[in-house]
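Good morning, and thank you for joining this meeting. I should like to take you through one structure, beginning with a loop and ending with a pocket.

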Amino acid sequence: MKPILSKAQLDYTKAKNMFENRAKVMEKEIAAKRALQEITQEVMEELVQATGFHDAYNELVIAENALIDWSHSTIKHEKTYRENRAAIDAMYENVNASPEKRQELIQLSMKIR
């Protein structure tokens with residue numbers, strides 16, 4: 001049976017899949033261009049725009065932020081949150097301190113049911 005996901009979780013999953021698909025397309029385009037010419041910053045910028053990678057990245061960041069906000073408001077009803085409020089709030093405040101911490105919080109947010 002499939003788990004029931006929140007709107008924030010569904011939006012994140014959709015944005016992540018779109019981003020991964022755009023990344024694959026961009027990798028193929030880079031490989032094709034590399035065979036014909038040197039990959040300069042200008043060429044890379046064109047590919048990022050042409051493949052939709054930039055837009056997919058922006059949508060992913062928006063979905064991640066919404067997921068993080070949703071998870072923070074959702075766990076406030078849990079007993080564990082009330083017992084560890086300061087530590088949990090500090091974790092959410094420092095979510096952008098490192099990519100690893102952000103990714104860990106996103107993974108934990110996807111486990112909330």
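**A loop residue and its surroundings**

Let us begin with Thr51, which is found in the loop between α2 and α3; helices here are DSSP runs of H or I with at least four residues, strands are runs of E with at least two, and both are numbered from the N terminus. Please bear in mind that this is a predicted model, in which local features need pLDDT of at least 70, side-chain atom pairs count only at pLDDT 80 or more, and totals for chains, interfaces and linings use all residues. Residues are numbered from 1 along each chain as its sequence is written, and side-chain values use heavy atoms, with hydrogens and water left out.

Is Thr51 buried or exposed? Thr51 is buried, because its relative accessible area is 6%; buried means under 20%, exposed over 50%, and partly exposed in between, with a 1.4 Å probe and protein chains only. Not counting residues up to four places away in sequence, Thr51 touches Arg22, Val25, Met26 and Glu29, where contact means heavy atoms within 4.5 Å. By contrast, 32 Å separates the C-alpha atoms of Thr51 and Asn94, which are 43 residues apart along the chain.

I turn now to helix α1, residues 7-36. The buried residues of α1 are Ala8, Gln9, Tyr12, Ala15, Phe19, Ala23, Met26 and Ile30. They pack against α2 (41-50), α3 and α6. Glu20 also belongs to α1, but Glu20 counts as partly exposed because its relative accessibility is 35%.

Glu64, in α3 (residues 53-75), is buried because its relative accessible area is 11%. Leaving aside neighbours within four places in sequence, Glu64 is in contact with Tyr12, Arg102 and Ile106. Asn65, also placed in α3, is partly exposed, with a relative accessible area of 32%. The C-alpha atoms of Asn65 and Val95 are separated by 9.9 Å, and the two residues are 30 apart along the chain.

In α5, the buried residues are Ile88, Asp89 and Tyr92. Seen down the axis of α5, these fall within an arc of 100 degrees, so they line one face of the helix; the arc is that of the directions from the helix axis to the C-beta atoms. On the other side of α5, Ala86, Ala87 and Glu93 are exposed. The cover over the buried residues of α5 includes α3, α4 and α6.

Finally, the largest pocket. Its lining includes Ile75, Tyr81, Ile88, Met91, Tyr92 and Leu105. A pocket is an open set of points, on a 1 Å grid over the protein atoms alone, where a 1.4 Å probe fits, with protein on both sides within 12 Å along at least five of seven lines; lining residues have an atom within 4 Å of a point. At least two lining residues come from each of α4 (79-83), α5 (85-93) and α6 (99-110).

Key. Expected span 1.5 Å × (residues − 1).
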